[in-house]
Amino acid sequence: MNDEKMISWKKKKKDTKANQQLRLFQENGKVLLQDLIRLCNGQSNPIKTFSANQIIEATNNFSETNHMIRFEFMYKGMLENRLVLIKRATWKLYTSDTLDKIIRDISVSSMVSGHKNFLKLLGCCLEFEHPVLVCEYAERIPLNPEMFLPLQMRIKIAKEIAIAVSYLHTAFSTRETFVKVDADRVEGTLDYLEYKYATTGLITEYTDVFSFGVLLQNLFTRKYGDVDCCSVEESLFEEFEDEQNVLNLRISDRLSKIVVEGRIFEILDPKMLESISDDDETEEHEIRRIEALLMLSLRCTGHRGDVPKMTEVAKELKRIEKWIA
């Protein structure tokens, strides 16, 4: 191949790539705009866009060195002189509705970016087959059984998450949920799935409340193995004899039984108990707060009284946080 033909071939290849990126930008942008209009009730909600070249350069072509530990689709990178997180769908997510899920992620992230308890969306890139999100950088500090996390800090974490989920439920004309939603199948870790959603696929505002209740239970008790998730190929209950046996394995059911039997101390995280003062009066007060937290979690999972709304859960956690001896 002579020099002239080589130059012509390279130019054609470059033009083809540019045309493909333009086509993807237009197609993905159309879907995003439609979703934004629907979710934002027609109000303007501009989102900054980055080019594919900027994303590739920022992540060193999505190199392993930029891959965030345990975040299978999160990469760190430098973009416009700032450290950012870049979220990219992995091959495991490539299903018929992957684009819709990513677009919804961008739309909702743009809607909640002004809230202090959500990761701030800086923009997105629409020039890939599956768009990527560009978010403000945040360090991930994984929780582990050896970490010392005082009771008051756990209450604050729970309260802030509750406030964030409440915001999703109340701030928009279209209610968004905390769980992953799919019209054709049930997905997620079974421990965190509300009974109605797990058995019928029906989403209500209480689907999130149940999931949050389980999160509370895991935050204040010893760590037990989850009843694992349902994949696309697997039936929800195929590994068990019947539906009821599965539900009885879940942490919320186990916790309810233990509370009835008066064995709360058997399940509380010993690391958390170490943070409680040895003073008798203070210790009694903190135990009462823990009991209030567990009772609230069981209300969320439908084991005690009426299931509250997320706004009510957030208010109760604020009250418990301020509950000083």
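**Ring cluster.** I started with the cluster in which ring pairs join Phe 62, Tyr 75 and Phe 128. I counted two rings of Phe, Tyr or Trp (its six-membered ring) as a pair if their centres lie within 6.5 Å, with planes under 30 degrees apart called stacked, over 60 edge-to-face and the rest tilted.

**Ground rules.** The model is predicted, so I kept in mind that local features need pLDDT of at least 70 and side-chain atom pairs pLDDT 80 or more, while totals for chains, interfaces and linings use all residues. Residues are numbered from 1 along each chain as its sequence is written, and side-chain values use heavy atoms, with hydrogens and water left out.

**Pairs.** How many aromatic pairs does the structure hold? I found 4. One of them is Phe 62 with Tyr 75, edge-to-face at 5.2 Å centre to centre and 75° between the planes. Phe 62 sits in the loop between helix 2 (52-58) and strand 1 (74-79) and Tyr 75 in strand 1, so this pair ties together parts 13 residues apart in sequence. Helices (H or I, at least four residues) and strands (E, at least two) are DSSP runs, numbered from the N terminus.

**Burial.** Are Phe 62 and Tyr 75 buried or exposed? Both are buried; the cut-offs are under 20% relative accessible area for buried, over 50% for exposed and in between for partly exposed (1.4 Å probe, protein chains only).

**Charge over a ring.** I then saw Arg 88 over the face of Phe 62, at 4.0 Å from the ring centre. This needs NZ of Lys or CZ of Arg within 6 Å of the ring centre and within 35 degrees of the ring normal.
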